[in-house]
Amino acid sequence: MAVQLDHRDDDLAETHEINVTPFIDVILVLLIIFMVAAPLATVDVPVDLPVSNAAQQPRPDRPLYLTIRADLGLTLGEETVTREGLAAALDAATKRNREERIFLRADQAVAYGDVMQVMNALRAAGYLKVALVGLEQAAVAAAPTTSP
């Protein structure tokens with residue numbers, strides 16, 4: 001509120017104007033602070049991600065699943081196999097066709113390092129076409145959740 005002193009009258013007259021200049025100054029200073037601070041506040045890890053616009057691949061008639069159970073046991077199709085016998089079991093199941101895709105799926109409790117060990121065993125056996133199997137987003141949303 002501003003007061004105007006008028007020496008002609010003994011009454012003090014008020015002017016009803018809002019001085020917005022300090023308000024604009026404060027807003028501009030805040031704007032500059034946020035413009036400088038906003039890029040610093042984001043967590044960013046420099047990763048060059050590949051872009052994929054490929055359509056979902058058709059599933060084979062008889063896919064060959066290699067499953068890593070929660071107890072770190074391996075199952076090829078419906079048969080339990082050992083890590084040492086994995087290469088022989090793969091050769092028998094694929095008839096030594098190293099170009100056949102192996103669908104690898106693992107329980108959520110299996111650690112990433114254990115999955116990598118199995119993938120290394122697949123590579124050592126000569127099977128380089130490995131597809132990781134997961135649940136589709138629609139299936140996850142529709143699945144009922146169980147509470148402990």
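I note that the model is a predicted one.

**Entry: the whole chain**

I recorded that the protein has 148 residues, of which 17% count as buried. I then listed the secondary structure and found four helices and seven strands. Along the sequence, these elements follow the pattern β-β-α-β-β-β-α-β-α-β-α. I also looked up the contacts with a separation of 6 or more: residues 24 or more positions apart account for 62% of them.

**Entry: helix α2**

I turned to helix α2, which spans residues 86–94. Which of its residues are buried? I found Leu-86, Ala-89, Leu-90, Asp-91 and Thr-94.

**Entry: helix α3**

I looked up the length of α3 and found 14 residues. From its first C-alpha to its last, α3 reaches 20 Å, close to the 20 Å expected at 1.5 Å a residue. I recorded Asp-114, Val-115, Val-118, Leu-122 and Ala-125 as the buried residues of α3. Why do I say that they line one face of the helix? Seen down the axis of α3, the buried residues fall within an arc of 105°, so they line one face. On the other side of α3, I found Tyr-112 and Ala-124 exposed.

I then checked what the buried residues of α3 pack against. Their partners are the strands β3, β4, β6 and β7 (130–132), together with helix α2. Just after α3, Gly-126 takes a positive phi of about 100°.

**Entry: Thr-67**

Is Thr-67 buried or exposed? Buried means under 20% relative accessible area. Thr-67 has 17% relative accessibility and therefore counts as buried.

Which residues does Thr-67 touch, not counting those up to four places away in sequence? I found Gly-73, Leu-74, Thr-75 and Arg-105. With Arg-105, I also recorded a polar contact: the side chains of Thr-67 and Arg-105 are joined at 2.8 Å.

How values were computed. Residues numbered from 1 in each chain as written. Predicted model: local features only at pLDDT ≥ 70, side-chain atom pairs only at ≥ 80, totals over all residues. Heavy atoms only, no water. Buried < 20%, exposed > 50% of the residue type's maximum accessible area, 1.4 Å probe, protein only. Helix = DSSP H or I, 4+ residues; strand = E, 2+ residues; numbered from the N terminus. Contact = heavy atoms within 4.5 Å. Expected span 1.5 Å × (residues − 1). Arc of directions from axis to C-beta. Polar contact = N/O pair within 3.5 Å; in protein donor to acceptor, adjacent residues only side chain to side chain.
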